[in-house]
Amino acid sequence: MTILIVEDDVDIGSLLRRGFASESYQVELVGDGDQALRAANGKSLEAIILDVMLPGRSGIEVCKALRAAGQTAPIIMLSARSSVNERTEGLLAGADDYIVKPFAFEELLARVKVQALRRSNSEEESRILTAGPLSLDLDTRQAQVGETRVRLTEREVELLALLMRHAGEPLARADIFAALWAGHGGASLNVVDVYVGYLRHKLAEALPGGGHLIVTVRGRGFMFEPEAG
């Protein structure tokens with residue numbers, strides 16, 4: 001997992017390098033837009049942390065150039081500018097997220113993880129997911145165990161697909177919420193528990209003995225366990 005950091009402030013760049021390295025990421029740090037374009041060329045990156053105020057090309061220009069070159073990695077822009085127009089400009093340039101300085105590293109790390117979840121949730125090479133006894137048709141919104149089919153809502157499908165793609169890996173409530181409900185006004189963290197409950201109830205009707213494929217991992221969140229049913 002490689003993070004490309006584009007930041008000309010030596011102190012901030014050093015802080016970010018140490019922070020991501022401590023989380024077991026490979027880190028490449030560059031100080032201007034031209035270096036960023038060379039560093040990102042042809043590479044598969046976990047994320048790009050891109051400062052807006054750079055020498056030479058601005059972060060906005062660099063973001064547009066990265067997208068034009070086919071770079072698909074999540075781009076998180078950093079800036080001291082916090083107005084709605086400035087944030088909007090960054091997002092329209094192709095950024096996936098925008099964080100205002102000063103910021104806590106823990107928040108930036110969480111946003112990188114959320115973007116990774118969102119990307120895995122959207123990379124749907126196959127429209128039918130299979131894990132253990134369960135298959136999920138993303139087009140018809142049906143889950144199937146053997147000959148038994150279960151009809152799901154759109155949001156239930158999104159949640160189940162996210163859990164299936166990370167089968168065997170606990171996903172924190174906060175990360176699930178950010179991946180599926182961020183930006184939806186009025187939703188709170190307990191909506192994750194509510195929808196997990198909906199899925200457990202519906203899937204139990206299809207599983208022999210009414211077992212559960214979605215388990216709770218204490219202190220870590222929820223996990224799709226193919227063998228748990």
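This is a predicted model: local features need pLDDT of at least 70, side-chain atom pairs count only at pLDDT 80 or more; totals for chains, interfaces and linings use all residues.
Start with the rings. The structure holds three aromatic pairs. In one of them, Phe 20 and Tyr 25 sit with ring centres 5.6 Å apart and planes at 90°, so this pair is edge-to-face; the cut-off for that label is planes over 60 degrees apart. Both partners are tucked away: Phe 20 is buried, with a relative accessible area of 0%, and Tyr 25 is buried too, at 8%. Phe 20 also pairs with Phe 105, and here the ring centres are 5.0 Å apart and the planes stand at 75°, so this pair is edge-to-face as well. Phe 20 belongs to helix α1 (residues 10-22) and Phe 105 to helix α5 (residues 105-122), so the pair ties together parts that are 85 residues apart in sequence. Like Phe 20, Phe 105 is buried. Put together, ring pairs link Phe 20, Tyr 25 and Phe 105 into a cluster.

Helix α5 also carries Leu 117. With a relative accessibility of 5%, Leu 117 counts as buried, because the cut-off for buried is under 20%. Leaving aside residues up to four places away in sequence, Leu 117 touches Leu 162, His 166, Leu 171, Asp 175 and Ala 179. Take His 166 from that list: Leu 117 and His 166 are 49 residues apart in sequence, yet their C-alpha atoms are 9.1 Å apart in space.

The axes of helix α2 (residues 33-40) and helix α3 (residues 59-68) come within 10 Å and cross at roughly 20°. That angle makes α2 roughly parallel to α3, since anything under 35 degrees gets that label. The crossing of these two helices, α2 and α3, is right-handed. On the α2 side, the residues involved are Gly 33, Ala 36, Leu 37 and Ala 40, and they meet Val 62, Ala 65 and Leu 66 in α3. Sorted by class, this contact of α2 with α3 has six nonpolar residues, one polar residue and no charged ones.

Next comes α6, which packs against two other helices, α8 and α7. Helix α6 (residues 154-165) and helix α8 (residues 190-204) have their axes 10 Å apart and pack at an angle of about 90°. α6 is therefore roughly perpendicular to α8. From α6, the contact draws on Arg 155, Glu 156, Leu 159 and Leu 160, while α8 supplies Tyr 195, Val 196, Tyr 198, Leu 199, Lys 202 and Leu 203. By class, the contact of α6 with α8 has seven nonpolar and three charged residues, with no polar ones.

With helix α7 (residues 173-180), α6 packs at an angle of about 130°, the axes being 11 Å apart. This leaves α6 and α7 oblique to each other, and α6 passes α7 in a right-handed crossing. Arg 155, Glu 158, Leu 159, Leu 162 and Leu 163 of α6 make the contact with Ile 176, Ala 179 and Leu 180 of α7. Here the residues divide into six nonpolar, no polar and two charged. Two names in this contact, Leu 162 of α6 and Ala 179 of α7, also turn up among the residues that Leu 117 touches.

Technical notes:
Residues are numbered from 1 along each chain as its sequence is written. Side-chain values use heavy atoms; hydrogens and water are left out. Rings of Phe, Tyr and Trp (its six-membered ring) pair if their centres lie within 6.5 Å; planes under 30 degrees apart count as stacked, over 60 as edge-to-face and the rest as tilted. Buried means under 20% relative accessible area, exposed over 50%, partly exposed in between (1.4 Å probe, protein chains only). Helices (H or I, at least four residues) and strands (E, at least two) are DSSP runs, numbered from the N terminus. Axes are lines fitted to C-alpha atoms, for helices over the stretch in contact, and angles run from 0 to 180 degrees between N-to-C directions. Angles under 35 degrees count as roughly parallel, over 145 as roughly antiparallel, 65 to 115 as roughly perpendicular and the rest as oblique. A crossing is left-handed if the near helix is turned anticlockwise from the far one by less than a right angle, and right-handed if clockwise. Contact means heavy atoms within 4.5 Å. Ala, Val, Leu, Ile, Met, Phe, Trp, Tyr, Cys and Pro count as nonpolar, Asp, Glu, Lys and Arg as charged, and the others, Gly among them, as polar.
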